[in-house]
Amino acid sequence: MTREFTNNFYKLSIALLGGVCLLAASLHLDPAVISWKFGILFLFTVLIAPRLSLTLPRSKFILNFSDSMVFLTFLLFGGEAAILIAAAEMLANCLYFKFRGVEFARFTLAFNVGTMALATGITYFVWNVAKLFIKFGPDSAATTQIITKLAILAFSQFVFSSLFASVYYSLKNRVSPWQAWKKEGFSISVTHFAGAGLAGIVFKLLNYADTYSIVISLIASIVIYYNYRQIISEMTTSIEQAEQAERDKTEAEREKRIEIEKYADELALSLKKEADTGNALRKSQRAFQHAALHDSLTKLPNRAYFGELVRELIAEAKKGENPKSYILFLDLVRFKTINDSLGHTIGDKVLMVVSKRFSRMLRATDRVARLGGDEFAIILRGLSSDDKAEKVAWKIHQKIAQPFSLSKNRIYTGVNIGIAPLAADYETPEEILRDADIAMHDAKVKGSGVAFFNRELREKFIAQATLEAELPFAIERRELSMHYQPLVSLRDGSLVGFEALLRWNHHRLGFISPAEFIPIAENTGQIIPITKWILGETCQQLEKWQKFAAHPDGLVVSVNISGKHLSTFGLVEDVKKALKKSGLPPSALKLEITESAAMENAVQTIQILTSLKELGVQLSIDDFGTGYSSLSYLHRLPFDTLKIDRSFVNSVGENGEDSEILQTIISLAKNLRMGVIAEGIETESQLGILKNLGCDYGQGYLMSRPLPKDPMEELLHKKTYWLPAPPEDENNDGRESRRRDKTAALV
Ligand code: C2E
Ligand code: MG
Ligand code: MG
C-alpha cells in the first residue's frame, strides 16, 4: 500500500463516516428547529463567523467564532442541527479559501467537511452518553449546567477533531500520530474551549436578556471585537515589524559577516601577496647579493668576495688563531692569443674549464676566486710549510698545462703562479694580493711557472713601478740620450757604421741599464714614442758623421726596434719621417729586430718588413740564435744582415773550442745571402776566430764601448782603423798604432 493510497483511504473513510453522520442528522432533525432564528444562525455561521476569527499573536491559537456557532447551535437547537451547522461552516470555509486561490489536495475538502460532521456527531454521541451519568437540573440555562455541558462538548470536540487531524498529519508527513498531535492538535484545543466559552456567554444573553440588552451587548461585542482586533492587528504589525527588524538585523549581520569574511579573504590574499612579494624580494636580494659577490661567467667568488675572505684570515692571523694560510695569484698563459685568434666565446669556455679544474683540485677549506680577465686567486688554508704550498701550486701548474679540446680546437694554456704566505703584518687584502701578484710576475719573467714572494721581489717591483711612472717624462726632462758603438769590418778594420743604444740618466736614480727600462718601455707602450725620438736623433747624427765614412757607400746606423713597434704599421711612417727630416739616405739606416720579435706574428711582420724594405732601409736580425727561428720562415724575411748573439761569441774558448755553432750560423747567413755581424767581441782570440770563420763584421768592447756622441765624434776624428792589430803594411809608418793608443785612453 502506498502512502498516498493510505492517505486517500483515510480521508475518504472520514469523509464517508462524516457523510453518514450528516445523513443521520438530517433525518433526525426536529422540523421545529427550522425557524427564522436557525436561519439567521446558519447564515451567520456560514457567511460571517469564519471571517471573524482572531489569531493570537506569536501563537497558533485561533479564536474561532465558527466553533462558538456550532456549540451555540448545540445549546439552542440540539446535536443534529449542530452537525449540520459544523459541516456547512467547514464547507463554506473551504470554498471561501478555494475562491481565494488556496489549492486543496485530492479529497481534502471532503475530508475536512467529514471531519467536522463526524467529530460533532461523536460529540453528540458522547453528550448523550454523558447524560446517562450526569444528572442535570430542570433549569437547562443554569450557569453550572451550561459550563458542564460546554466543557463536555468542547473536550469531546477537541479530542476527536484533533485526533482525526493528527492521524491525517502523521500519514501525510510520516511522523508518529503522537508527535503530530503534539505539534498540531494541542493548538486547536484553545479554539474549542474559547469557542465554547463564547457560546456560553451568547447563550446566557439570549436566555436572560431582553431585546435591548441583546442589541446593546451585540453592539458592545462588536466594538470590543473590533477594538480587540485592532489591538491584535497593531500587536501583530509591531511584532511583525520587530521580527522584520530582527530579520533585517540578522540579514545585516549576515551581510556584515559575509563582508568581514570577504575582507578577511582579501586580507589573507593581500597578506599572501605581500608574503609572495617579500619572498620574491628576498630571492632577488639573494640573487643580487650573489651576483655582487660572484663572477657571472665562472660562478666563482669575485675580487670583492675574495677580499672579504682574505680580510677575515688576516684578522684571524692577527689574533694568532689560524693555522698557516697561503694566497696564490694565478695568471693564464696565452689567454690573450686564444681570445684574439679563436674568439671570445672560446675564450670564455677556456676560463670555465680552467675554473672547474681549479675547483676540483682544491680541498673544501680552500677557496678559488676569479679576480678578473685571466687572473685567479686561491686561498690555501691550514698548510704546515711553504714546501707544501709550493707542492700544491706545482700540481695546479701541471694540471692546467694539460691540453684539452674545445669546439674542435686543441687548447694549450698554462698558468704562472705567485705564492704569498699570509702573515699578521698585512693590513688589507690588497697588500697580500699585490705580493702574490709580484711573485707571479717574477715566475712569468723568469719562466719558472711558480715563484714564492720575498721582500727583494717587492723592492724590485717597486723600483720597476717607479721607472714605469717616470719613463713618460724622461724625454722632456732630457734624461734620455744615445750612445753609439762602432760596427767594424773584420776584413779591413774600417768603420762601417754604429749601433745606436739608448741610455737613461735618471735625475735621482742615476744611470739605468737598458736591460732594466727597455722591457718596461715595451710593456707600457712607451717604447713607440721613444723610438720615434731615437730615429730622429740618430738619423740626424749619422747625417752629420757621413763625412767620416771610409767607403763610398757611407756609414750605416743601426737602430733597435722593439717587437711592439714592429707590430704597428705606424713604424713605416715614423721611419719615413725621420729620414725625411734628417736628409739621410734610407740605405744608411738599418733597423735591428731581435729574432724572437721577428718570429712573433709572422704574417704581419713580413708585410711591415717588406714595406720598410721598399723604403730602401736595411734590416738586420739581432741576437740571432736566442730565438727559435724556423729556417723556412727566416728565408722569407727580407733581412740584409744577421747579428750573432753575444753568448755564442763568449762561449768560444781561447783556442777556438766550441766554435761549431758560430760556424754554422755564419754559413747559414751566407747561404741566405746575408751579411754577418758578431756582437760582444771582447778578446783578440774571439776576433781571430771570427775572422777565420769568415765573419764579415764585428762589434764589441775590443773595438769600442758604446760612447755618447761627443766622445765618439772625437774618436772619429782620430781613427780610421778600428781593429786592435794594425795591418802588416810596409807603408804604415806607425800612425795607426799611435791612433789606437789614443783611442784606448778614451774607451
Ligand atoms: P743589443 O741590441 O743586442 O745591444 C747590444 C748590447 O750589447 C748593448 O748593451 C751593448 O752595450 C752590449 N755590448 C756590446 N759589445 C759588448 C761587449 O763586448 N761585451 C758586452 N758584455 N756587452 C757588449 P746595452 O746597451 O746595455 O743594451 C742592451 C739591450 O737593450 C740591447 O741589446 C737592446 O736589445 C736593448 N736596447 C738598447 N738600446 C735600445 C734602443 O734604443 N731601442 C731598443 N728597442 N732596444 C734597445
Ligand atoms: Mg741591437
Ligand atoms: Mg744584440
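Which residue bridges the magnesium ion (ligand 2) and the magnesium ion (ligand 3)? D622 does, and the two ions lie 3.9 Å apart. This is a predicted model: local features need pLDDT of at least 70, side-chain atom pairs count only at pLDDT 80 or more, and totals for chains, interfaces and linings use all residues. Residues are numbered from 1 along each chain as its sequence is written, chains are lettered from A and ligands numbered from 1 in the order in which they are written, and side-chain values use heavy atoms, without hydrogens and water.

**Domains**
- The protein is divided into domain 1 (2–208), domain 2 (215–291), domain 3 (303–453) and domain 4 (478–746); the bounds come from an automatic or database domain assignment.
- Between the C-alpha centres of domain 2 and domain 3 the distance is 74 Å.

**Magnesium ion (ligand 2)**
- Its donors (N, O and S atoms within 2.8 Å of the metal, or 3.2 Å for Na, K and Ca; water is not among the atoms, so sites may look incomplete) come from E499 (OE), N560 (OD1), E592 (OE) and D622 (OD), at 2.1 to 2.2 Å.
- Along the chain these donors follow the spacing E-x60-N-x31-E-x29-D.
- N560 sits in strand 13 (residues 556–561) and D622 in strand 15 (residues 618–624), 62 residues apart. Strands (E, at least two residues) and helices (H or I, at least four) are DSSP runs, numbered from the N terminus.
- N560 is partly exposed, at 28% relative accessible area, whereas D622 is buried at 4%. Buried means under 20%, exposed over 50%, and partly exposed in between (1.4 Å probe, protein chains only).

- E679 lies in strand 17 (residues 675–679) and D622 in strand 15, so the pair ties together parts 57 residues apart in sequence.
- Both D622 and E679 are buried.

**Sheet and its helices**
- Five strands form an open, mixed sheet in the order 4-5-3-8-9. Two strands pair if DSSP finds at least two bridges between them.
- Strand 4 (367–372) and strand 9 (450–452) are the edges; each has a single partner strand, so one side of each lacks a neighbour in the sheet.
- Strand 3 (residues 326–333) and strand 8 (residues 414–421) pair antiparallel over eight bridges. F329 has G418 in strand 8 as its bridge partner.
- Helix 12 (residues 344–361) packs on the sheet, touching strand 3, strand 4 and strand 5 (375–380). Contact means heavy atoms within 4.5 Å.
- Helix 13 (residues 386–401) also packs on the sheet, touching strand 3, strand 5, strand 8 and strand 9.

Notes
Axes fitted to C-alpha atoms, helices over the stretch in contact; angles between N-to-C directions.
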